[in-house]
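The entries follow in the order in which I took them.

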Amino acid sequence: MAVTTTGIPVRRTVRDRHHRGVSRWVVLALVTAGALVMLVPFAFMLLNAFKSPGDYSSGGPLSWPSEFYTTGLRTYWSEVNFPLKLWNSALIAGSVAVLGVVVSLLNAYALGIGRVRGRLWIVGVFLLANMLPQEALIYPLYYVAKEIGLYNTRLSVIIIFTVIQSAFGTYLLASVLGTFPRALLEAAALDGAGKWTVLWRVVFPNLRPTLAVLLIFFFIWTWNEFLIPLVMLIDNQTQTIPVALASLQGDRLMDAPTTNAGALISLVPAILFFLIFQRTLARGITAGAEK
Amino acid sequence: MTVPDTVAGTPPATTPTSSPAPPPRRRRDGRDAAYWLYLLPGAVLFVLVIGVPLVGTGYLSLTRWSGVGDPTFVGWDNYRQLLDDDVFWASFRNTLAMIVAMVVVPTLLGLLLASVLFDVVGRRFRPRTAAALRAAFYLPQVLPVVVAGIVWGWILRPDGAFNSVLDAVGLGALRHDWLGDPDTALPAVMAVMIWVQIGYPVVVFMAALQRVDPELYEAAEVDGANWLHRFRAITLPQIRPETFVVALTCTIAALKVFGPIFALTRGGPENATNVPSYFAYYTFFKKLQVGYGSAISTVLTAIIVVVAVVFIAVQARSERRERGR
């Protein structure tokens, strides 16, 4: 793909105007080719998810399926009890998104609006915590969860990710609230509003777009998480979609078409979120990058 | 409230926007101790879920323990052992490869792609074309990375799609067990990681470019600057803050990479693709050497903290220099 930029002889001389008209098409063709290369793995997956094992072994990965075979999909769906996995993932990611945003907002209210002493250090600690490798936390978390009976529960993963995600949320919201218009707070205080009222009647409504972005981020990040769910959730009742797929890897059930079918089902929710939230996310990524 | 030119008889302005600069007393009020209450739940959770486990891992790294019974304190033994452990060094060498695949290549390629998409496709064609192409590059970023790893693991298998493509285009002689051969496993994993990562810089840089004043480009074009001139004189300096953020977050991600390695190779063959986080996971949960695994994790944590602090310090300094100009 590195080719995309060579061969753009965009000379800006008057004579070259016609030439430039051609070269822009060359650029478009190269970038489009790059984009198609990005999509090829998805095409392979689709092609083989609907192929029968016999078809696959005789025709190979590139052949067109001789029949529209859905048994692989159905096998995976029922073997892993996919609806339950979907519910587990949704429950964990949804709870973390809401709780994470609430905790971030409370933290950031104290740090950005309350400007408590030492706030720069506190924000710095939250920022660093967000960067920590999860391996540095996992064994004590695993051990304590076992001791207090939270091991192999969805609650354990919800609590852990609420804290991990809100470390980032606190960092982001604290800097956003640092520039919150003081006048709005003054006015509310003059009207006799307490801190709690100010938070929910003044700060919260003004921050709603940012909080929405944060909510979606937390949801998708948690949905895609792997290490902590892999360690904490060990049986069929509690596992999430990525963990279920990974723990079947190498299983006899998972011939090539079933692997592709399983991957396809597992990708669908993520792609749906992407399509639904695309606009919000594009805005959010900018917000994240500027902070 | 000082509202000098209010018409007599009108009540003092209550619209928030019209209220003047706060009197000095406000600031002390703003530092009200009651705000600590709002920090309390978050702080307690933070200490329990991040603080205590982090310290616990640090302590365990000084012990020998299988996870059952009591840990035996052994001082710096685990760290001494690490220095002589070839797997440990191999895992950090592979981290450098991950930094190339997840930071260097995606950032450079992302700058070029974003600039071309924004500057050439977005302006000479329709912005919607640019947005559609951007979505194609970004798609791998939205997937659970383990699922992407499993699909790629199948594509790169000896009987997978990649070898079939080679056959189909007459390069059958190159057929290979890409992930099974220690010589090709790391380059193959790197290629997958570039595919996974490239969309992130493209999207961030394209968003950043929208912030840049279009008149800068128009003026440059009138002055006869070609695409390369504009790229170097306008694009690069204007989006430097975003470049910093992308480089930092991608570097941290490269240091922590786990899921793709787990799904593609489990660190094999012969540790050719092992990375610190997978090495730590394997030591904790497969070899049951909790002390040793904690030492690996602690070293990784220390490296990440140093990298993050250096990055942020460099960025702060370059921002100051920029402002000083």
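I took helices (H or I, at least four residues) and strands (E, at least two) as DSSP runs, numbered from the N terminus. The model is a predicted one, in which local features need pLDDT of at least 70, side-chain atom pairs count only at pLDDT 80 or more, and totals for chains, interfaces and linings use all residues. Residues are numbered from 1 along each chain as its sequence is written, and chains are lettered from A and ligands numbered from 1 in the order in which they are written.

Entry: chain A, overall. I looked up the secondary structure of chain A and noted 12 helices and 0 strands. Read from the N terminus, the order of elements is α-α-α-α-α-α-α-α-α-α-α-α. I counted a residue as buried if 20 or more other C-beta atoms lie within 10 Å of its own, exposed if 12 or fewer, and partly exposed in between, with C-beta atoms placed from the backbone. On that count 45% of the 291 residues of chain A are buried.

Entry: contacts and domains. Two residues are in contact if their C-beta atoms, placed from the backbone, lie within 7 Å. In chain A, 77% of the contacts with a separation of 6 or more are between residues 24 or more positions apart. I noted a division of chain A into domain 1 (2–70) and domain 2 (80–247), with bounds from an automatic or database domain assignment. The C-alpha centres of these two domains of chain A are 39 Å apart.

Entry: chain A against chain B. How many residues of chain A are in contact with chain B? I found 76, facing 87 residues of chain B. Helix α12 (residues 256–290) of chain A gives the largest share of the chain A side, 13 residues. By class, that side has 54 nonpolar, 14 polar and 8 charged residues; Ala, Val, Leu, Ile, Met, Phe, Trp, Tyr, Cys and Pro count as nonpolar, Asp, Glu, Lys and Arg as charged, and the others, Gly among them, as polar.

Entry: UniProt record. The unreviewed entry lists "transmembrane region" for spans of chain A including 120–143 and 198–223; such annotations may be inferred rather than shown by experiment. Residues 120–143 of chain A are 88% helix and 0% strand, with end C-alpha atoms 33 Å apart. Residues 198–223 of chain A are 100% helix and 0% strand, and their end C-alpha atoms lie 33 Å apart.

Entry: R157(B). I placed R157(B) in the loop between α6 (145–155) and α7 (161–168) of chain B. R157(B) counts as partly exposed because it has 18 C-beta neighbours inside 10 Å. H176(B) is 19 residues from R157(B) in sequence and 8.3 Å away in space, C-alpha to C-alpha.
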